[in-house]
Amino acid sequence: MSTNVMTQGGSRIGVETRMYFRAPDTLFFTFLFPFVMLAIFSAAFSASGEVGPPGSEITVAALYLPAMLASGIFLSGVQNLAIDIALEKSNGTLKRLGGTPLSPVAYFLGKIGQVFVTGTLQAALLILAGWLVLGIALPTEPEKWLTFAWVFVLGLTTCALIGIALSALPRSGKSAAAVVIPIGLILQFISGVYLQWNMLPDWLQNIASIFPLKWIAQGMRSVFLPDGWEALEQNESWNLPGVAIALVVWLVISLVLSRLTFRWIRRDA
Amino acid sequence: METPRTDDAVRIRGLRKVYGGVAAVDGIDLDIHHGETFALLGPNGAGKSTTVEILEGYRSRTAGEVDVLGVDPAHGGLAWKSRIGIVLQTGGDTGLLTVREVLHHFAGLYPNPRPVDEVIAAVGLEAKAGTRVAKLSGGQQRRVDVALGIVGRPELLFLDEPTTGFDPEARQQFWELIRSLKAEGTTILLTTHYLDEAAQLADRAGVIAAGRLLDVGGITEIGGAEARVPVVRWSDAEGRPHEVRTHEPGRVVASIVDALGGEPRNLEVIRPTLEDVYLGLVRSAERDAAAHAAADGSTPTTIPAAQPAVDAEEPAA
């Protein structure tokens, strides 16, 4: 049975990924959006020159690269799956799949696999674009890339599970985008993605610290911003153990919520 | 007349489903034999869909026993699901995949699927195999739904309004497909509003209204012999319409010709169709219910079943 689940899951990843790249709206609002925002921020603030603590100045583009990587992780996981599964619930796709011998575990493997295929491609292209087009210097220390790897994998897994849990919230497929996108927008504004983190007041930083996006963005800054920038963080530290703890807590909460709320069809009383 | 368990693909006893104090299904007993095609007929809201969804494992039940291929569908696992095929009324959205991609994917979910190209040919979509489902016409998309229902080689196939949106030629092709599935031994539970379709495909039928089974029987027997008595209709010399129900329509026509001394005007001999029988059953049940509501406790009057439906058949002169 377990090999069957893996076969089914592999097949799901294939069709899920194909459908993702064939849907123009997800392609733009989930896959390309961080590229568009990186281009806009880089162009808009290009006149302000270099920013940062004395001795560690960088371009605005370099400041926004880790922020847009965090944004991509969030969009590929939370926004993508929350809207996608809510739509599948309302248009009968889940009901149809629920009438086949597809294992629910394989269904979710397909969703999470799709998030990883598309999220990895997105991150790789963002880093490549930052390096080649915007001339951003990339870290050379292996330990920085190790940090990138675990923040990326843990962040994307957590975001995918939050997306699955959040898909239970919209009442219909039509309202899914209207419910999910504003949540994402607000979080991106208060978590140091669109606005520079150290410009936010303490109380807003404390609110943002409840949610996972702040921690993903912080982890990404620790990789891509030069030494000296940690002075602008809370407690003047990258606090990577805090990043790990916050993401694991969110992973467990959303796993439990997903398990409790998922149904192939809306069960009647 | 209790048949042994193993002989029946579906066995229902005392099935009830209550929503908010209202019984959508109110005590149904039904057996569907292995290899037969059974049509479940009834008006919208009669409890048809609820009953079928309980059999498919989608809905829980309030009371009663249900056994589908030897398993209680409330606890049907993946192995059980691989033995059934479901063609739902609304099939979901696979529009971004091509016909072959979506069938190939679904085939892979089953232990012993039919070859994908064979299924595509069976539903007549060879020319569209490489086309995205969203680009197909409504009727062609419906054929994809049917293809997805049969690709797993089900022992029991649920067909819910399968030919809605089909043109007459596509419907004929679909009927051929169902007959070939039947010839392979597939048990089929069909719900449809097209009574000619039920008459063409089904061995037996059940009529359901207000959550109860009004009648179950062979497709040529349901409703009773009385409901199937032919009707002879004609107009006399003054143009007044006449109508006689008779088991000997030939003799009646001959005697009319004799009496009139010539060809009768607007002569028709009508054999009630399944649709007439069905409408007779449903309408008399509605009248019973209305009479019950009007004078609670009084005995409801029985009304000849096929009569109003025959009037409805009258061609516009």
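This is a predicted model: local features need pLDDT of at least 70, side-chain atom pairs count only at pLDDT 80 or more; totals for chains, interfaces and linings use all residues.
## Chain A

The secondary structure of chain A consists of ten helices and zero strands, so that the order of elements from the N terminus reads α-α-α-α-α-α-α-α-α-α. Of its 269 residues, 45% count as buried, and among the contacts in chain A that join residues at least 6 apart in sequence, 81% link residues at least 24 apart.

The C-alpha atoms of chain A fill a box of roughly 60 × 35 × 35 Å along the principal axes. For a compact globule of 269 residues the radius of gyration would be near 18 Å, and the 19 Å found for chain A agrees with that expectation.

## Chain B

Chain B has ten helices and twelve strands. Buried residues make up 40% of its 317 residues, and of the contacts in chain B with a separation of 6 or more, 66% are between residues 24 or more positions apart.

## Contact between the chains

Between the two chains, 19 residues of chain A are in contact with 22 residues of chain B. On the side of chain A that touches chain B, helix H1 (2–22) and helix H4 (93–98) of chain A each supply at least two residues, and H1(A) gives the most, with six residues. By class, this side of chain A has six nonpolar, eight polar and five charged residues.

## An enclosed strand in chain B

Strand S8 of chain B, residues 204–209, has six of its six residues buried, and it is therefore largely enclosed by the rest of the structure. In a regular strand the side chains alternate between the two faces of the sheet. In S8(B) both faces are covered, with B:Arg204, B:Gly206 and B:Ile208 buried on one side and B:Ala205, B:Val207 and B:Ala209 buried on the other.

S8(B) pairs with strand S3 of chain B (residues 37–41) in the parallel sense over four bridges, and within this pairing B:Phe38 has B:Arg204 as its bridge partner. S8(B) also pairs with strand S9 of chain B (residues 212–218), here in the antiparallel sense and over six bridges, with B:Ile208 standing opposite B:Leu213. S8(B) and S9(B) form a hairpin with two residues between them, and in the turn B:Ala210 has a positive phi of about 50°.

The buried residues of H6(B) are B:Phe174, B:Ile178 and B:Leu181. Because these residues cover an arc of only 55° around the axis, they lie on the same side of H6(B).

The buried residues of H6(B) pack against helix H5 (138–150), strand S6 (156–160), strand S7 (187–191) and helix H7 (195–201) of chain B. The face of H6(B) turned away from this buried side carries the exposed residues B:Pro168, B:Glu169, B:Glu176, B:Ser180 and B:Ala183. After H6(B) comes B:Gly185, which has a positive phi near 100°.

Conventions: Residues are numbered from 1 along each chain as its sequence is written. Chains are lettered from A and ligands numbered from 1 in the order in which they are written. A residue is buried if 20 or more other C-beta atoms lie within 10 Å of its own, exposed if 12 or fewer, and partly exposed in between; C-beta atoms are placed from the backbone. Two residues are in contact if their C-beta atoms, placed from the backbone, lie within 7 Å. Ala, Val, Leu, Ile, Met, Phe, Trp, Tyr, Cys and Pro count as nonpolar, Asp, Glu, Lys and Arg as charged, and the others, Gly among them, as polar. Two strands pair if DSSP finds at least two bridges between them. The arc is that of the directions from the helix axis to the C-beta atoms. The radius of gyration is taken over C-alpha atoms; the globule rule is 2.2 Å times the number of residues to the power 0.38.
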